[in-house]
Amino acid sequence: MVELLRIEDDASLCVAEVGNQIPFEIKRVYYLLKPKPGELRGSHAHRETDQILFCIQGTVKMVLDDGKTREEVCLPEAHIGVRLPPMMWHEMHDMTKETVLLVLASKEYAESDYIRDYEEFKNCLF
Ligand code: TYD
């Protein structure tokens, strides 16, 4: 898990700084909003891209699977993110239409970086 600097005054200000909370150079930022309720997203791993995902509004449950251990995590606070290093299979579910996911990524988008087949993911590990 990655904890951002949070400054609480009249509002809640969350800060992600490379070299402090973020352990890689950020090459890409993307966000997902208005997911269809009940929709399953993710279901892939990345070969090289390192990512940190924040749920900055609403709720999400995430499945994290490194090929040995599969666990489910919730992200109930906007300043707590989950790191998705290379070769971490991840799934996002139980989102509502209010859910907003913000992702910081270490590489530019490349479809060749994705492994979208679970058997292929397992084979790449061993
Ligand atoms: P994907 O990463 O599979 O979404 P999720 O993890 O939310 O299920 O991406 C969905 C589509 O968007 C897929 O066709 C690839 C495209 N895409 C880009 O073109 N650039 C990007 O930076 C991202 C994250 C996705």
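This is a predicted model: local features need pLDDT of at least 70, side-chain atom pairs count only at pLDDT 80 or more; totals for chains, interfaces and linings use all residues.
**A ring cluster and a covered strand**

Now, how many aromatic pairs does the structure hold? There are four of them. In one, the ring centres of Trp89 and Tyr118 are 5.1 Å apart and the planes meet at 85°, which is over 60 degrees, so we call the pair edge-to-face. Trp89 belongs to strand β10, residues 89-93, while Tyr118 belongs to helix α1, residues 118-125, so this contact ties together parts 29 residues apart in sequence.

Is Trp89 buried or exposed? Trp89 is buried, because its relative accessibility is 4%, which falls under the 20% limit.

Trp89 has another partner, Phe121: here the centres are 5.5 Å apart with 45° between the planes, a tilted pair. Phe121 also lies in helix α1, so this pair links β10 to parts 32 residues apart in sequence. Trp89 and Phe121 are both buried. Put together, Trp89, Tyr118 and Phe121 make up one aromatic cluster.

Let's move on to strand β6, which spans residues 51-57. This strand is mostly covered, with five of its seven residues buried. Which strands does β6 pair with? One is β9, residues 80-84, joined to β6 by four bridges and running antiparallel to it; there, Ile52 has Arg83 as its bridge partner. Another is β11, residues 100-105, joined to β6 by six bridges, again antiparallel. In that pairing, Gln51 stands opposite Ala105.

How values were computed. Residues are numbered from 1 along each chain as its sequence is written. Side-chain values use heavy atoms; hydrogens and water are left out. Rings of Phe, Tyr and Trp (its six-membered ring) pair if their centres lie within 6.5 Å; planes under 30 degrees apart count as stacked, over 60 as edge-to-face and the rest as tilted. Helices (H or I, at least four residues) and strands (E, at least two) are DSSP runs, numbered from the N terminus. Buried means under 20% relative accessible area, exposed over 50%, partly exposed in between (1.4 Å probe, protein chains only). Two strands pair if DSSP finds at least two bridges between them.
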